[in-house]
Amino acid sequence: MDQRDDLIAGLSRDLAPVRKAPDVNRLALAWFLLGAIFVVVATRLAGPLRPGVFAQFTAEPRFLLETLLGVVAIAWMSLVAFRGAVPAALTRRFAMVGAVLMLLWLAQYVFGLVNPALEPSELGKRGHCSMEVMLYSTPLILAAMFFIRRLYPLAYVRTALSAGLAAGMIPALYMQLACMYESVHILSMHIFPGLVMALAAAAMALVWRPKNTAA
């Protein structure tokens, strides 16, 4: 008994108290909400919203549902990213739901090639919307990676990819309100740059990667 007590005492002698891990769900939603506010403010400072966009929500319910689906999909993907930074916090089912929501939302614009939610128009067209998407998502990606690195991501690159996808899609979604509504333009100038930023986040994670993490 004395030897066991001595062993336990020896092993625990140099242990230091560990801070309780933050609530990743709250952290993810706080990041999403603050990121959305940042994107809204930055976009409005760069130029006005598309004229009559709020009236389009009531005139075309599909446009409203399409936008709400995007909000839900991005918020869910934010949870996927931050949960992925804590061992056992992210289940395969939860991640799959996020992927399905994201695909359903993006599919709306593909379907819009033949049956758009709004009448295609160049009204509200912004000159550098694709650059705005990439510019506004960059600080969101850096902020997400700052927090994620301080947790314990076992698959850091995949976690960064999820965070980059959520970050890239926030300004991509808001551009549907601020810029022209036309499916080819949306897919090529709003959605595609957002997807590029997801890949950029994954590439950044390969370089700025904590030790003892897997891809």
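This report looks at a helix pair and some aromatic rings in a predicted model.

## Helix 7 and helix 8

Let's start with two helices that pack together. Two packed helices are described by the angle between their axes and the distance between the axes. Helix 7 covers residues 156-178 and helix 8 covers residues 183-207; their axes come within 7 Å and cross at roughly 155°. Because angles over 145 degrees count as roughly antiparallel, helix 7 and helix 8 are roughly antiparallel to each other. Their crossing is right-handed.

Which residues of helix 7 meet helix 8? Among them are Tyr 156, Leu 161, Gly 164 and Met 169, while the helix 8 side includes Ile 186, His 190, Gly 194 and Leu 199.

## Aromatic pairs

Now for the rings. The model has 7 aromatic pairs. One of them is formed by Trp 31 and Phe 82, a tilted pair with 5.7 Å centre to centre and 50° between the planes. This pair links distant parts of the chain, since Trp 31 lies in helix 2 and Phe 82 in helix 4, 51 residues apart.

Phe 146 and Phe 147 form an edge-to-face pair, with 5.4 Å centre to centre and 80° between the planes. Phe 146 is partly exposed at 37%, and Phe 147 is partly exposed at 34%. Elsewhere, ring pairs link Phe 54, Phe 57, Phe 63 and Tyr 181 into a cluster.

Note on methods. Residues numbered from 1 in each chain as written. Predicted model: local features only at pLDDT ≥ 70, side-chain atom pairs only at ≥ 80, totals over all residues. Heavy atoms only, no water. Axes fitted to C-alpha atoms, helices over the stretch in contact; angles between N-to-C directions. Helix = DSSP H or I, 4+ residues; strand = E, 2+ residues; numbered from the N terminus. Parallel < 35°, antiparallel > 145°, perpendicular 65-115°, else oblique. Left-handed = near helix turned anticlockwise from the far one by under 90°. Contact = heavy atoms within 4.5 Å. Phe/Tyr/Trp six-rings, centres within 6.5 Å; stacked < 30°, edge-to-face > 60°. Buried < 20%, exposed > 50% of the residue type's maximum accessible area, 1.4 Å probe, protein only.
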